[in-house]
Amino acid sequence: MAENATATQPLPGAEVPAPGGRLPIVDVLRGVALLGIVLVNAQYMSGVRGTAGTSWDRAAEAAVGFLAEMKFYPLFAFLFGYSLVLLMRREQGAMRPALFGRRLLVLFVLGCAHAVLLFPGDILTTYAVLGAMLWALRRLRTRALVAVAVTALVAQCLLLAGLGAFTVLHPAEAGRASAGAGPVVTLYRGGPADTVTAHLTELPDAVAGSFLFALHVLAVMLLGMAAGRRRLLERASVRRLRRVAVTGLLVGVPGNAVMVMCAYGPAGPEWFFVGKAVGALAGPALTAAYVCLLVLLFHGDRHVRLRSLLATAGRLSLTHYLTQSLVLAVVFTGYGAGLYARMGPWAVAACAAGLYGCQLWAGDRLSRRHAHGPAEHLMRRITQGARR
């Protein structure tokens, strides 16, 4: 009886807001998300995606696709929505539009610079634009937020499924779209100016991709806002977390297996969007399982040291995100070693994991001397200026 009662109660002392209104588990989850982000982005920035040759490389590419792709940018989006609710609660509902607008403007400008100089696949500009939509919808009731999110998610799946049907029926178009990488490879192996030229060459496709998946990101942001209003992370119970985790795994594991088969397996490039349509649902399902399992793992006094490292990384997430791109750009492009398309997916994944480990260590050291990272400090200075 006691065990059953415990299972239905909120996790003991798990999520009490820290001074300043921050919720520790949100920072922990954001810190974990950084690992998935660097694993996926490294595959693109290194030019190895879709080039796996050895069995180890094929396994590494499939593992990154299955475990990380379309799972961690939704996690960031979910936490973006959740954090907006925490921010409004901390401001006691009186946060001015100008304050939030400045935050989004800084995010957008940083994203533009990031896209041109480091990585065209930037997500900050997308978050900034969709953040404005989130602000516009903030007065909707919680049920209405969920309804809009579900509608957006269904629309995203239908859009991708429609594209998938077209490419399956016209495979030549899919093959033509995946060709022509040679000139970009040459540019990335050139000097810094060549690297910027390569980024500008890829930028239109990257922007189109951001628009293509915008509904997906918006849906998860809205779900994060709804969850924040319900205080789901603060009030999570063992039974609810286990139930959501099991459901997420039952949906996410087979769904992501289908996505990987379409993107990395025996299916041809014409099946790419079919896989993405499945992944648009299966990815967030696996993300939900990750969140629940991590909350269970770190609640109370469990794994205090690891939790502290991840929470610190989460508080410095903007600085870490930009640093990841900077380091990868120095390794793989004309800014430094120029190893673009010269390593296999297995080696790239190992390097990305090593970079993440170094960031955990460096972030911990930085936090002992400074309250904020450089990017967070910039954001704070500008937004505090809105108060004057």
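Biologist: In which helix does N41 lie, and what does that rest on?

Modeller: N41 lies in helix α2, a helix being a DSSP run of H or I with at least four residues and a strand a run of E with at least two, numbered from the N terminus. The model is predicted, so that local features need pLDDT of at least 70 and side-chain atom pairs count only at pLDDT 80 or more, while totals for chains, interfaces and linings use all residues. Residues are numbered from 1 along each chain as its sequence is written, and side-chain values use heavy atoms, with hydrogens and water left out.

Biologist: Why does N41 count as buried?

Modeller: Buried means under 20% relative accessible area, exposed means over 50%, and partly exposed is what lies in between, with a 1.4 Å probe and protein chains only. The relative accessibility of N41 is 13%, and N41 therefore counts as buried. Not counting residues up to four places away in sequence, N41 touches F119 and Y321, where contact means heavy atoms within 4.5 Å. N41 and G121, although 80 residues apart in sequence, have C-alpha atoms 8.0 Å apart in space.

Biologist: What makes A33 buried, and which residues is A33 in contact with once its neighbours within four places in sequence are left aside?

Modeller: A33, which also lies in helix α2, has a relative accessible area of 0% and is therefore buried. Beyond the neighbours within four places in sequence, A33 is in contact with F72, L75 and F76.

Biologist: Why are α2 and α13 called oblique to each other?

Modeller: The axes of helix α2 (residues 24–45) and helix α13 (residues 272–298) come within 11 Å and cross at roughly 120°. Such axes are lines fitted to C-alpha atoms, for helices over the stretch in contact, and the angles run from 0 to 180 degrees between N-to-C directions. Angles under 35 degrees count as roughly parallel, those over 145 as roughly antiparallel, those from 65 to 115 as roughly perpendicular and the rest as oblique. α2 and α13 are therefore oblique to each other. The contact is made by I25, V28, L29 and V32 of α2 together with V291, L294, V295 and F298 of α13, and by class it has eight nonpolar, no polar and no charged residues. In these classes Ala, Val, Leu, Ile, Met, Phe, Trp, Tyr, Cys and Pro are nonpolar, Asp, Glu, Lys and Arg are charged, and the others, Gly among them, are polar.

Biologist: What makes α3 and α12 oblique to each other?

Modeller: Helix α3 (residues 55–67) and helix α12 (residues 238–263) have axes that come within 9 Å and cross at roughly 135°, and α3 and α12 are therefore oblique to each other. The contact is made by A62, G65 and F66 of α3 and by V253, N256, A257, M259 and V260 of α12. By class, this contact has six nonpolar, two polar and no charged residues.

Biologist: How do you know that the span of helix α14 agrees with what it should be?

Modeller: The expected span of a helix is 1.5 Å times one less than its number of residues. The twelve residues of helix α14 (residues 304–315) should therefore span 16 Å, and the end C-alpha atoms are 16 Å apart, which agrees. The buried residues of α14 are R307, L309, L310, A311, T312, A313 and G314, and what covers them includes α2, α13, α15 (317–332) and α16 (345–367).

Biologist: Why is R231 called partly exposed?

Modeller: R231 has a relative accessible area of 30% and is therefore partly exposed. R231 lies in the loop between α11 (214–229) and α12, and its phi, near 55°, is likewise a positive value in a residue other than glycine.
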